[in-house]
Amino acid sequence: MIREPRTPLADLTEDQLEALYTTVEAHLNAPQLRHCLVPGCLREFDSMARMAGNPPAQPSWSGDGWRQLGNGIVEPRNGRYACPDHADLVTAHLPRRIEAPSGRWSVDCACGWVAPPQRWYGLVAPLWEEHLLTVKGDLPPAPPLTDPEHRVPLAEHTEATLAELYDRLWDAEDDGKEAREVARAAMLAYSAAAPALLGVKTSLEALRQRITLDSRDWTQDKTDAWLWAILVGANCENTDPAHVHNDIDCAGDQGLWNLGRQHDIPTDQVIRTGHLRWWVANAIKAAQQIEDAAAHREPA
Ligand SMILES: [Zn+2]
Ligand SMILES: [Zn+2]
Ligand SMILES: [Zn+2]
């Protein structure tokens, strides 16, 4: 760094002091130009004037309409600012930097595009810049790496291109492993829940049978009526679309309300009892579906 030689105080003149102030002032207010991050764009603005709230030295250096990228975003080589011409483009393609399970780095673009994972995070920003140029139409779309028309012959491969091919393979393998782990966890949860549900169905059906075979009138006592409404059901539960409620062989859809009136049960408790019955009936139905599916899988 070149430094101005320091004049001792005893020798300093008024003019020299004035010149010193002017120089310091000029340095403090020197324009600091920020460039648009889109490769090939030449627009820039004076961030110093912008921060100080002063008009820029040139009108084209105005900061109006510029957009700054936030954190968690890749670091484009030209900085984090997008000019007014490209603010919308960059907003539609905000590049979130992500770390793959393999420890490699990638970009998750707001448009859904994802960069091929790289071992060094510094390599992902240029890939995203290339993607920007592709969506802008400045570059033709890249052919897929495995496209037979564009496969690299052995003689043209380098250590780097081969490493990229292996990186892709390993990332794809990681994805497959993750999917298998999710499926395994779901299978474990299912294999614990299904027998429990089948056991509950057996118990609920035993209770229902015990109640329906009992000769007493289950509607007379309030607690009996409540047990009956939940375990047997006060309403008709025929879900056949062709079924029409009738007075002969079905309980209709007013049975629960009639019970509620008979015992002076508040409306919210009647509704709650209806919910309890629905859960019981639904659990039995779900268990029945599991049993049916298992029976279907058994060889005839
Ligand atoms: Zn621009
Ligand atoms: Zn994008
Ligand atoms: Zn009915």
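Which residues does Val107 touch, not counting residues up to four places away in sequence? The legend to the first view gives the answer, and all views show a predicted model.

**View 1. Surroundings of Val107 and the largest nonpolar core.** Not counting residues up to four places away in sequence, Val107 touches Val74, Pro95, Arg96, Arg97, Val114, Ala115, Val124, Leu127 and Trp128. The largest nonpolar core has 17 residues, and Val107 is one of those with the most contacts inside it, together with Cys36, Leu37, Ala82, Val124 and Trp128. At least two residues of this core are supplied by each of strand E4 (81-82), strand E6 (105-109) and helix H4 (124-136). Helix H4 provides the largest share, five residues. Another core, of eight residues, lies apart from this one and has Ala229, Ile230, Leu231 and Ala234 among its members.

**View 2. Crossing of helices H5 and H8.** Helix H5 spans residues 159-213 and helix H8 spans residues 267-297; their axes come within 9 Å and cross at roughly 120 degrees. Angles from 65 to 115 degrees count as roughly perpendicular and those over 145 as roughly antiparallel; H5 and H8 are therefore oblique to each other. The crossing of the two helices is left-handed. On the H5 side, the contact is made by Ala194, Leu197, Leu198, Val200, Lys201 and Leu204, and on the H8 side by Val280, Ala283, Ile284, Ala286, Ala287, Ile290 and Glu291. Sorted by class, the residues of this contact comprise eleven nonpolar, no polar and two charged.

**View 3. Packing of helix H6 against helix H8.** Helix H6 (residues 222-231) packs with H8 at an angle of about 40 degrees, and the two axes are 7 Å apart. This angle makes H6 oblique to H8. Trp226, Ala229, Ile230 and Leu231 of H6 meet Thr273, Leu276, Arg277 and Val280 of H8 in the contact. The classes represented in the contact of H6 with H8 are six nonpolar, one polar and one charged. Val280 of H8 also belongs to the contact with H5.

**View 4. Burial of helix H6 and the residue that follows.** The buried residues in H6 are Ala225, Trp228, Ala229, Ile230 and Leu231. The cover over these buried residues includes H5, helix H7 (255-262) and H8. Just after H6, Gly233 takes a positive phi of about 105 degrees.

**View 5. Asp264 between helices H7 and H8.** Asp264 is located in the loop between H7 and H8. Although Asp264 is not a glycine, it has a positive phi of about 55 degrees. Asp264 counts as exposed because it has 7 C-beta neighbours inside 10 Å, the limit for an exposed residue being 12 or fewer.

View 6. Ala49 has its place in helix H2, residues 47-52. With 19 C-beta neighbours inside 10 Å, Ala49 counts as partly exposed, since a buried residue needs 20 or more. Leaving aside neighbours within four places in sequence, Ala49 is in contact with Pro31, Asn54, Pro55, Pro56 and Trp61. Leu33 lies 16 residues from Ala49 along the chain, and the C-alpha atoms of Leu33 and Ala49 are separated by 9.6 Å.

Conventions. Residues numbered from 1 in each chain as written. Chains lettered and ligands numbered in written order. Predicted model: local features only at pLDDT ≥ 70, side-chain atom pairs only at ≥ 80, totals over all residues. Axes fitted to C-alpha atoms, helices over the stretch in contact; angles between N-to-C directions. Helix = DSSP H or I, 4+ residues; strand = E, 2+ residues; numbered from the N terminus. Parallel < 35°, antiparallel > 145°, perpendicular 65-115°, else oblique. Left-handed = near helix turned anticlockwise from the far one by under 90°. Contact = placed C-beta atoms within 7 Å. Nonpolar A, V, L, I, M, F, W, Y, C, P; charged D, E, K, R; others polar. Core = buried A, V, L, I, M, F, W, Y, C linked by C-beta atoms within 7 Å.
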